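Biologist: I'd like to learn how to read a structure like this one. Could you take me through it feature by feature?

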Amino acid sequence: MFLIGIVGISCSGKTTLSENLKKELGNEECLLMSMDDYYKELTEEQSKILYNDEAEINFDCPDAINFDLMISHLECILNNKEVDIPKFDLGSCVVTSYFKVVPNKYKYIIIEGVFLLCSEKLNKLLNLK
């Protein structure tokens with residue numbers, strides 16, 4: 001399995017590039033993963049103050065990402081184990097659903113995200129950056 005990491009600032013075209021690359025590599029052989037789905041869910045207390053202008057909830061930093069879960073999921077996929085990838089809703093800041101990844105289905109995994117290269121362990125898993 002070949003892992004491709006796409007990094008760029010917000011609204012720089014990461015998702016568009018990922019989707020076009022998936023088409024070129026073969027839709028059925030390629031899994032797209034977004035780092036946005038690995039934001040840490042807010043606590044109940046954080047949810048209550050989310051839209052308060054004085055709330056100090058920062059989504060624009062690597063600490064907002066659950067790198068451990070993402071790496072765990074990638075390692076499962078690489079070891080041909082089934083895994084449920086979260087779908088994080090940016091509006092409510094909670095996981096709203098899951099996507100089941102079945103073993104041995106994909107040749108390529110494309111991962112896109114702003115903070116993708118902030119984790120040394122994740123960085124080492126990528127074949128192309």
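Modeller: Let's start with a loop: cysteine 11 lies in the loop between β1 and α1 (14–25). Helices (H or I, at least four residues) and strands (E, at least two) are DSSP runs, numbered from the N terminus. Keep in mind that this is a predicted model, where local features need pLDDT of at least 70 and side-chain atom pairs count only at pLDDT 80 or more, while totals for chains, interfaces and linings use all residues. Residues are numbered from 1 along each chain as its sequence is written, and side-chain values use heavy atoms, with hydrogens and water left out.

Biologist: What is the phi of cysteine 11?

Modeller: Most residues other than glycine have a negative phi. Cysteine 11 isn't a glycine, yet its phi is positive, about 65°. Asparagine 80, in the loop between α3 and β3, also has a positive phi, near 60°.

Biologist: Is cysteine 11 buried or exposed?

Modeller: Buried means under 20% relative accessible area, exposed over 50%, and partly exposed in between (1.4 Å probe, protein chains only). Cysteine 11 counts as exposed because its relative accessibility is 86%. Asparagine 80, at 36%, is partly exposed. Across the protein chain, buried residues make up 34% of the 129 residues.

Biologist: How many helices and strands are there in the protein chain?

Modeller: There are 4 helices and 5 strands. From the N terminus on, the order is β-α-β-α-α-β-β-β-α.

Biologist: Which strands pair with β5?

Modeller: Two strands pair if DSSP finds at least two bridges between them. Strand β1 (residues 2–6) pairs with β5 in the parallel sense over 5 bridges, and leucine 3 has isoleucine 109 as its bridge partner there. β2 and β5 pair in the parallel sense too, over 5 bridges, with serine 34 opposite glutamate 112. Strand β5 (residues 108–112) is largely enclosed by the rest of the structure, because 4 of its 5 residues are buried.

Biologist: Which residues have the most contacts inside the largest nonpolar core?

Modeller: In soluble globular proteins, nonpolar side chains tend to be buried together. A nonpolar core is a set of buried Ala, Val, Leu, Ile, Met, Phe, Trp, Tyr and Cys residues joined through side-chain atoms within 4.5 Å. The largest one here has 27 residues, and Met33 and Ile111 have the most contacts inside it. The elements giving two or more residues to this core are β2, α3, β3, β4 (94–101) and β5. Its largest share, 5 residues, comes from α3.

Biologist: What does methionine 70 touch?

Modeller: Contact means heavy atoms within 4.5 Å. Methionine 70 sits in helix α3 (residues 67–78) and counts as buried, at 0% relative accessibility. Setting aside residues up to four places away in sequence, methionine 70 touches Ser34, Met35, Tyr38, Ile111 and Leu122. Serine 34 is 36 residues away in sequence but 9.8 Å away in space, C-alpha to C-alpha.

Biologist: Which residues form the aromatic pair?

Modeller: Rings of Phe, Tyr and Trp (its six-membered ring) pair if their centres lie within 6.5 Å; planes under 30 degrees apart count as stacked, over 60 as edge-to-face and the rest as tilted. The structure holds 1 aromatic pair. Tyrosine 39 and phenylalanine 88 form that pair, which is tilted, at 5.7 Å centre to centre and 40° between the planes. Tyrosine 39 is in the loop between β2 (30–34) and α2 (44–49), and phenylalanine 88 is in strand β3 (residues 83–89), 49 residues apart.
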